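Dear colleague,

Please find below the structure that I am handing over to you. My notes on what was found in it follow directly after.

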Amino acid sequence: MRTSIVLFLSLLTIGGIACKKSTSTVTPPTDKRDKRWVVTTFAGNGIAAFNDGPNSSASFRAPLDVVIASDGAIYVADAINHRIRKIAQGQVSTFAGVGFQDTTSGDHSIAGFAHPSYLALDAMNNLYTLDVNDPRVRKVSPLGYVSVVAGNGINGFAD
């Protein structure tokens, strides 16, 4: 046992020294031409509000998550506007949600969200949402019909 501990500590020390030597010669790029990413605004005017319309004049209040569908449409969980927004063909529109805190399911024009926060898409372009103030998993069909997939609306744990 004592031999194993000594061997382990020796290997740990040797490994630490090897790592230290290999990383000490790496220097970060200093030339500005080494930058690899450019950040631009794709949609939104920078004003925290609600406004559908052209990408450059649309407004979001709290865009917390985005997903990209197979057709290239981008869906945004706009939490404080209580909506799922869609960006397609240069336009931002409301995909589902009535704009006030509600958790009603149904057609996109009557369905509500508390604060949609996380999004995921399946192979059929069904959108799944998690909401920080609604303990259910909800699905929005490609046509905008909102339904509950899991959960009963009561906080807690149960299989």
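Along the sequence, the protein chain follows the pattern α-β-β-β-β-β-β-β-β-β, that is, 1 helix and 9 strands (DSSP runs numbered from the N terminus: helices H or I of at least four residues, strands E of at least two). This is a predicted model, in which local features need pLDDT of at least 70, side-chain atom pairs count only at pLDDT 80 or more, and totals for chains, interfaces and linings use all residues. Residues are numbered from 1 along each chain as its sequence is written, and side-chain values use heavy atoms, without hydrogens and water.

An open sheet of 5 strands runs in the order S1-S5-S4-S3-S2 with antiparallel pairing; two strands pair if DSSP finds at least two bridges between them. Its edge strands, S1 (53-54) and S2 (63-68), each pair on one side only. S2 and S3 are joined by 5 bridges, and Val 66 lies opposite Val 76 in S3.

Buried residues (under 20% relative accessible area, 1.4 Å probe, protein chains only) make up 30% of the 159 residues.

Yours sincerely

Notes: Buried < 20%, exposed > 50% of the residue type's maximum accessible area, 1.4 Å probe, protein only.
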